[in-house]
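Have the coordinates open while reading.

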Amino acid sequence: MNQSAHPTRGTLAAAVAAAQASILETQPKAVLLGECVGRMGGAWGTSQGLAETFGPNRVMDLPLTEGGMLGYAIGMAMGGARPIVEISGPDRIPALMAQLQLELASMQQRSHGELGLPLILRVPSGASYGRGPYLQSSPAGTLSSIEGLIVASPASPADAASMLLGASQLQQPVVILEPAGLYGAQGAYTLEAGELKGAQRVREGSDVTILAWGGAVVQALSAAETCWQEGFDVEVIDLRVLQPLDLDTIGATLARTGRVVLATDGVCPGSDNLLSQVTQQAFLHLEAPPKTVSLSSPADVDFLIQTALESANY
């Protein structure tokens, strides 16, 4: 199962599954926990075949209780294991905030640097067809306000694999927000660990900058092409890592364009935290007020599942 040097083409879900298989194979202390990661192979197929390969002591189906699952994983990490936890949806995050902030993220500080928690929390999030208001939300803004967490979101199979493998090398907790709308997206990936730092400019422009992550990157690139046809030159930055933000790259792009739009992957409570950091970094470069847009549904629009409207959008 060694694909580390050879590119493989597949979906983002397949890239996540391959990366998890590689971690379980090469790290004896790694375990995968979730509500349906075993017999079902993951709600999105991100752990297909892993239970059969590694057995029930390494790939564990746990009851539908996210707080218990996260508490169990924190205890395992304190005991020397390297748990990967799959949460079924972004709507579960608010109930976990106390554990994430007061137990998981602060452990290294509370132990004076002696105890790190090598735990990976995987969360499908953001806009996707037919998922309704709860499952289309994005906890990125809220999670990015928690010091001690690394929060990342891939926009391609390549980043999905490299982020997960990179997170498995760290001694601190990492939250990976996997774009549910891109689980079926195709692309090439390798099983090589990447650094969980740095934004990436994916389209050059001179008039305005769109900052995006996850599934919003794809839609931002599409919007930029439309704007080009209408005479506007849009730069698109894939933030990739939301905590800590790559403020140097953000400052550089706003020095060129002077205008910024933060495009969130789904309805994103707490996105003002991200926009505040951007504004503080580049205030003197701004020629217009910064804007935030959601690429799933505006706050003043009925957010029931409207299949006809969603079919027109996706």
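## Basis

The model is predicted: local features need pLDDT of at least 70, side-chain atom pairs count only at pLDDT 80 or more, and totals for chains, interfaces and linings use all residues. Residues are numbered from 1 along each chain as its sequence is written, and side-chain values use heavy atoms, with hydrogens and water left out.

## Helix H10 against H11

Helices (DSSP runs of H or I, at least four residues) and strands (E, at least two) are numbered from the N terminus. The axes of H10 (residues 247–257) and H11 (residues 271–282) come within 9 Å. They cross at roughly 60 degrees. Axes are lines fitted to C-alpha atoms, for helices over the stretch in contact, with angles from 0 to 180 degrees between N-to-C directions.

H10 contributes Leu-247, Asp-248, Ile-250, Gly-251 and Leu-254 to the contact (heavy atoms within 4.5 Å). H11 contributes Gln-277, Val-278, Gln-281 and Ala-282.

## The sheet

Five strands form an open sheet in the order S9-S11-S10-S13-S14, with mixed pairing. Two strands pair if DSSP finds at least two bridges between them. S9 (200–203) and S14 (291–294) are the edge strands, each pairing on one side only. From one strand to the next, the twist averages 30 degrees.

S9 pairs with S11 (residues 234–238) in the antiparallel sense, over three bridges. Arg-201 stands opposite Ile-237 in S11.

## Helix on sheet

H11 also lies across S10 (208–212), S13 (260–264) and S14. H11 runs at about 155 degrees to S13.
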